Amino acid sequence: MTNAQPPRRYRRFVPLALVAFGLALLSGCSLDQDYTPVVTQFQQASNALAQSFQTLLTNANTVEYEHYIDSQTFEHGRLSPAQIDSRAVITSDELKLRSDAVLALASYTTALATLAQGKEEAQIVADANAASASFSTLATDGQTAAASHHLIPSTADYAGPISAAAGAAGEILGLIERHRTHEEIRRSIEKNDPALAALFNLLGSESKAIYERQKSTQSAQGVMLFADYNREIAQPLPDKDYLLQLSNRIKQFRRNQALVANSDPAPAIASFKKAHDALVALILAPKTGRPQSLAELVTSVRSFAAEVQPLSANVQATATTANGKAATR
Amino acid sequence: MTRTSVTQTSKAQTLKTQTSTLPAPMTPTELVTAIGITLTQLDQTLMEPDLVNQPAQWQQIYAMRKHLDDQQRALVAAAIQADDPEFQALTGKIQLAIKQLQKVIDDLKKIDSIVNAIAEVSADLDEILKAAA
């Protein structure tokens, strides 16, 4: 009697090899197509965006507190801790919800990128697991933020997109984790991925509003500084030390103004979505359309990285420098 | 027909007439951005030494700037129905008032026109915020 089965020690490698082969088919990549640089660039850019977004949100309350303190000081108004605290625009739960939404989208897109890249199976499953965990955290944050006191009304609007995105990503990632066929995964991406668009859009429009407040409060500081300076020089005997102090603050204000002008996160979030869309298009493209899709992905990722790099530096610098305090006596 | 429904019909008609001649409505985020641009332009005017040296006028515009700033902050935190026809009509009116303001904002001889245009923007914003409260 002949035994047609391969030796036992090789048998467990057969399913793994089949999965790897299936994923390679799904990615459509041949050995001479190395996605690594573009995927690495995408991962770096999305991490930098997540960090910048978190810094912008963390800074949102500080900006309002300091704006209030400056205005009250300038107008010789009373100050109390409770009044300052009442200027908050975002709670810690709301902040966590938004940061985690960016992280979940980044880790989901990273999982898709690893898949498209045709990396080794263990890496694909590990990235899918990480993305699933991110969406699970996000779903919990969504419930916590909706149930607790919130300052931004659109926090309630997150429930729908988060639930749709978590469900959609969960279905796709679940198929990857369970090593389903490439055709099943591809069909699931085609069906479910559009559900993530609402989350991208919500983040983009909210970040724009928060950024606009940062710009307005920063601009108000200029009004106070210039008013103080121009009033002082109109005095019969201007105080030279005070003028010097004001002129230094005006210089700092103008430097910060340039930083804030370039800290709008909305274009970077739009580029993030565009890179994600290009990645999905690459995965879904028929073999004949792949070179063009890959070229589009490379362009989108480059443009995303080009948006994020200065944003990251500017947001960080804006958060760490004083926003050009109004000097009053 | 009851009095309430007559009032509602006439309000809806007025709104329809207004909307047809107004610029395209804005989203809440676009409105926050438009107010931000207006604040920045006002600030450029408020930083001018010539205006600083006219304390009464400076104070008047500064007070209005402060109110507009508070309104922008309240807008970020307001629950606005973006598809509400009243909100859409008001954003159209605000755009017209902002256009008017931009025509005079650099001219310190037209302080009254600047004040009137800001007052109009603020009044329309108050309506929006009242509806969202």
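Visitor: At what angle do H2(B) and H4(B) pack, and how far apart are their axes?

Guide: Please bear in mind that this is a predicted model. The axes of H2(B) and H4(B) lie 10 Å apart, and the two helices pack at an angle of about 160°. Angles over 145 degrees count as roughly antiparallel, so H2(B) is roughly antiparallel to H4(B).

Visitor: Is the crossing of H2(B) and H4(B) left-handed or right-handed?

Guide: H2(B) passes H4(B) in a left-handed crossing.

Visitor: Which residues of H2(B) and H4(B) meet?

Guide: On the side of H2(B), the residues include B:Leu31, B:Ile35, B:Leu39 and B:Leu42. Among their counterparts in H4(B) are B:Trp58, B:Ile61, B:Leu68 and B:Leu75. By class, this contact has 13 nonpolar, 5 polar and 2 charged residues.

Visitor: How many residues of chain B are in contact with chain A?

Guide: An interface is read from both sides. Here 19 residues of chain B are in contact with 20 residues of chain A. On the chain B side, helices H2 (28-46), H3 (49-52) and H4 (55-76) each supply at least two residues. The largest share, 8 residues, comes from H2(B). The side of chain B that touches chain A divides into 10 nonpolar, 6 polar and 3 charged residues.

Visitor: How many helices and strands does chain A have?

Guide: Chain A has 12 helices and 0 strands. Of its 329 residues, 43% are buried. Among contacts in chain A between residues at least 6 apart in sequence, 82% join residues at least 24 apart.

Visitor: Which residues touch the most other members of the largest nonpolar core?

Guide: In soluble globular proteins, nonpolar side chains tend to be buried together. In this model, the largest nonpolar core has 109 residues, and A:Ala169 and A:Leu279 touch the most other members. Helix H9 (residues 197-233) of chain A gives the largest share of this core, 14 residues. Leaving aside neighbours within four places in sequence, A:Leu279 is in contact with A:Thr109, A:Leu112, A:Ala113, A:Ala116 and A:Leu297.

Visitor: Which residue has a positive phi although it is not a glycine?

Guide: Backbone angles are read residue by residue. A:His76 has a positive phi of about 55°. A:His76 is found in the loop between helix H3 (36-74) and helix H4 (81-85) of chain A.

Key: Residues numbered from 1 in each chain as written. Chains lettered and ligands numbered in written order. Predicted model: local features only at pLDDT ≥ 70, side-chain atom pairs only at ≥ 80, totals over all residues. Contact = placed C-beta atoms within 7 Å. Helix = DSSP H or I, 4+ residues; strand = E, 2+ residues; numbered from the N terminus. Nonpolar A, V, L, I, M, F, W, Y, C, P; charged D, E, K, R; others polar. Buried ≥ 20, exposed ≤ 12 C-beta atoms within 10 Å, placed from the backbone. Core = buried A, V, L, I, M, F, W, Y, C linked by C-beta atoms within 7 Å. Axes fitted to C-alpha atoms, helices over the stretch in contact; angles between N-to-C directions. Parallel < 35°, antiparallel > 145°, perpendicular 65-115°, else oblique. Left-handed = near helix turned anticlockwise from the far one by under 90°.
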